[in-house]
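Here's a quick briefing to read with the model open beside you. Take it topic by topic and click along as you go.

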Amino acid sequence: MRNGALVWFGEREQIAFINENLKAEPGIIRAYLFLASDEIRVIYVDPTATPIHEGDAVAPFYFGPDTSAGITYRSALGLIRPEELEMFDPPPGWGTWESAIPIEGHGHDAK
């Protein structure tokens, strides 16, 4: 249990999932993992992402399980530009940026 979320698949597995995505997308400079009991929730920070123009929160894309790829849970993925971290909140019910687990990317701008 972390940040009040009971996780039914391990934090380590979620971080491994995110690291695989970071390897495949070298432009992503950081990811924020929001632990949940029913899905993996992550927001990727990519300087080449299309800017968000509406709303007060990041709007994630949802993907169902893909058992052929070994993904047995639903995933919710958001994509923002670095400057949007201070402009937009995480999706409702996800928590705050401070409650997320930051994971550094492999991109040339990763800090």
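**Starting point: a loop and the overall layout**

Leu35 sits in the loop between β1 and β2. Keep in mind that this is a predicted model. At 13% relative accessibility, Leu35 counts as buried, because the cut-off for buried is under 20%. Leu35 is also 64 residues from Ser99 in sequence, while their C-alpha atoms are 9.1 Å apart in space.

**The chain as a whole**

- You'll find one helix and five strands in the chain.
- Going along the sequence, the pattern reads α-β-β-β-β-β.
- The chain has 111 residues, and 41% of them count as buried.
- Take the contacts between residues at least 6 apart in sequence: 66% of them join residues at least 24 apart.
- The accessible surface of the chain is about 6500 Å², with 54% of that belonging to carbon and sulfur atoms.

**The sheet**

- The five strands make an open sheet in the order β3-β4-β2-β1-β5, and the pairing is mixed.
- At the edges are β3 and β5 (101–104), each of which pairs on one side only.
- Ignoring direction, neighbouring strands of this sheet are turned by 25° against each other on average.
- Helix α1 lies across β1 (30–34), β2 (39–45), β4 and β5, and runs at about 40° to β2.

**Who pairs with whom**

- β1 and β2 run antiparallel and are joined by five bridges.
- A hairpin takes the chain from β1 to β2 through four residues.
- To spot this pairing on screen, look for Ala31, which stands opposite Tyr44 in β2.
- On to β2 and β4: these two pair in the parallel sense, over seven bridges.
- Two places to look here are Tyr44, which stands opposite Leu79 in β4, and Val42, whose bridge partner in β4 is Leu77.
- Tyr44 therefore turns up in both pairings, facing Ala31 and Leu79, with β2 buried in seven of its seven residues.
- β3 and β4 pair in the antiparallel sense over three bridges.
- In that pairing, Phe63 stands opposite Ser75 in β4.

**How covered are the strands?**

- Which residues of β2 are buried on each side? Glu39, Arg41, Ile43 and Val45 are buried on one side, and Ile40, Val42 and Tyr44 on the other, so both faces are covered.
- With seven of its seven residues buried, β2 is largely enclosed by the rest of the structure.
- β4 is mostly covered, with five of its seven residues buried.

- Arg30 lies in strand β1.
- Is Arg30 buried or exposed? Its relative accessible area is 15%, and since anything under 20% counts as buried, Arg30 is buried.
- What does the side chain of Arg30 make a polar contact with? The partner is the side chain of Glu104, at 3.1 Å.

**Aromatic pairs**

- Searching the whole structure turns up four aromatic pairs.
- One to look at is Phe17 with Tyr73: the ring centres are 6.2 Å apart and the planes sit at 70°, so the pair is edge-to-face, the cut-off for that being over 60 degrees.
- Where do the two partners sit? Phe17 is in helix α1 (residues 11–24), and Tyr73 is in the loop between β3 (61–63) and β4 (74–80).
- They are 56 residues apart, and the pair links distant parts of the chain.
- Elsewhere, Tyr32, Phe34, Trp94 and Trp97 form one aromatic cluster.

Definitions and conventions:
Residues are numbered from 1 along each chain as its sequence is written. This is a predicted model: local features need pLDDT of at least 70, side-chain atom pairs count only at pLDDT 80 or more; totals for chains, interfaces and linings use all residues. Side-chain values use heavy atoms; hydrogens and water are left out. Rings of Phe, Tyr and Trp (its six-membered ring) pair if their centres lie within 6.5 Å; planes under 30 degrees apart count as stacked, over 60 as edge-to-face and the rest as tilted. Two strands pair if DSSP finds at least two bridges between them. Axes are lines fitted to C-alpha atoms, for helices over the stretch in contact, and angles run from 0 to 180 degrees between N-to-C directions. Contact means heavy atoms within 4.5 Å. Buried means under 20% relative accessible area, exposed over 50%, partly exposed in between (1.4 Å probe, protein chains only). A polar contact is a pair of N or O atoms within 3.5 Å; within protein, one must be able to donate a hydrogen and the other to accept it, and residues adjacent in sequence count only if both atoms are side-chain atoms. Accessible areas come from the Shrake-Rupley method with a 1.4 Å probe; for residues, only the protein chains shown count as cover.
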